Amino acid sequence: RFYVVSERQPVPPSPAWEVKSQPYQPQLSEGQCLAFQLCANPVVAIKSASGKSRRHDVVMHAKKLLLAERGLGDGVQWKQLAAGENKPPLYDLVHETCLAWLKTRGAANGFEIISAAVDAYTQNKTNKQKSKESAIQFSTVDFSGDLRITDAELFKKVLFAGLGHAKGFGCGLLLVKRRA
């Protein structure tokens, strides 16, 4: 099963596919509370010394910053850092960094988070047989919770365009429903 928000009606690529569609015209208002689910690729843009901006997974970036705070070089891996060295549990680091990313996106996109949880954090890689340079690596985070609309027009744009930089591989689709 695939969920798609599209400006045009999807066409099945072959008779083996069954496509069901319906108009998507959400009725939104400021102050409205909705339950949500989101699969996203949370990243932070970091500029290199040359001024070129590159996107990094927020969790991996947080790990790198913690290692740097401890004066550890690039050769030290997170898993080598002992728990006794004030190393936060990975679960806590994932939740803290990913929820912070989501909350910062809310203000710019017409919503605020009431409550949210990180349901899954997954690092994805394409076919390992390809060269390292051609392999696509990205992380996905599944969020769920409740939000409040602060700007209905901005929020509507997010529902149609998606949230975050990545819009492929299932990322960016914000599913909402009225709270019971």
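The model shown in the views below is predicted.

View 1. The protein chain has 180 residues, of which 29% count as buried. Among contacts in the chain with a separation of 6 or more, 66% are between residues 24 or more positions apart.

**View 2. The open sheet of 4 strands, in the order β4-β5-β1-β6.** Pairing in this sheet is antiparallel. Strands β4 and β6 (174-178) stand at the edges; each has a single partner strand, so one side of each is left without a neighbour in the sheet. On average, neighbouring strands are turned by 15° against each other, direction ignored. Helix α2 packs on the sheet and touches β1, β4 and β5. The direction of α2 makes about 125° with that of β4. Strands of a sheet pair through backbone hydrogen bonds, either parallel or antiparallel.

**View 3. Strand β5 and the strands that pair with it, β4 and β1.** The antiparallel pairing of β4 with β5 runs over 13 bridges. Within β5, T140 is the residue opposite T122. Strand β1 pairs with β5 over 8 bridges, also in the antiparallel sense. Here A40 stands opposite V141 of β5. Strand β5 is mostly covered, with 10 of its 13 residues buried.

**View 4. Strands β1 and β6, joined by 5 bridges.** The two strands run antiparallel. The bridge partner of F36 in β6 is V176. F36 also belongs to the largest nonpolar core, where F36 is among the residues that touch the most other members.

**View 5. Helix α2, residues 90-108.** This helix has 19 residues. From its first C-alpha to its last, α2 reaches 28 Å, close to the 27 Å expected at 1.5 Å a residue. Its buried residues are L93, V94, H95, T97, C98, L99, W101, L102 and G106. What covers them includes the strands β1 (33-40), β2 (43-47), β4 (111-125) and β5 (137-149), together with helix α1 (58-69). After the helix comes G110, whose phi is positive, near 85°.

**View 6. The largest nonpolar core, made up of 27 residues.** The members that touch the most others are F36, L38, C98, L102, F143, L147 and F155. Elements giving two or more residues to this core are β1, α1, α2, β4, β5 and α3 (152-161). The largest share, 6 residues, comes from α2. In soluble globular proteins, nonpolar side chains tend to be buried together.

**View 7. The surroundings of L147, a member of the largest nonpolar core.** Which residues does L147 touch, not counting residues up to four places away in sequence? They are Q32, C33, L34, F36, F111, E112, I113, I114 and F155. Of these, F36 and F155 are listed with L147 among the core residues that touch the most other members.

How values were computed. Residues numbered from 1 in each chain as written. Predicted model: local features only at pLDDT ≥ 70, side-chain atom pairs only at ≥ 80, totals over all residues. Heavy atoms only, no water. Expected span 1.5 Å × (residues − 1). Buried < 20%, exposed > 50% of the residue type's maximum accessible area, 1.4 Å probe, protein only. Contact = heavy atoms within 4.5 Å. Pairing = 2+ DSSP bridges. Core = buried A, V, L, I, M, F, W, Y, C linked by side-chain atoms within 4.5 Å. Axes fitted to C-alpha atoms, helices over the stretch in contact; angles between N-to-C directions.
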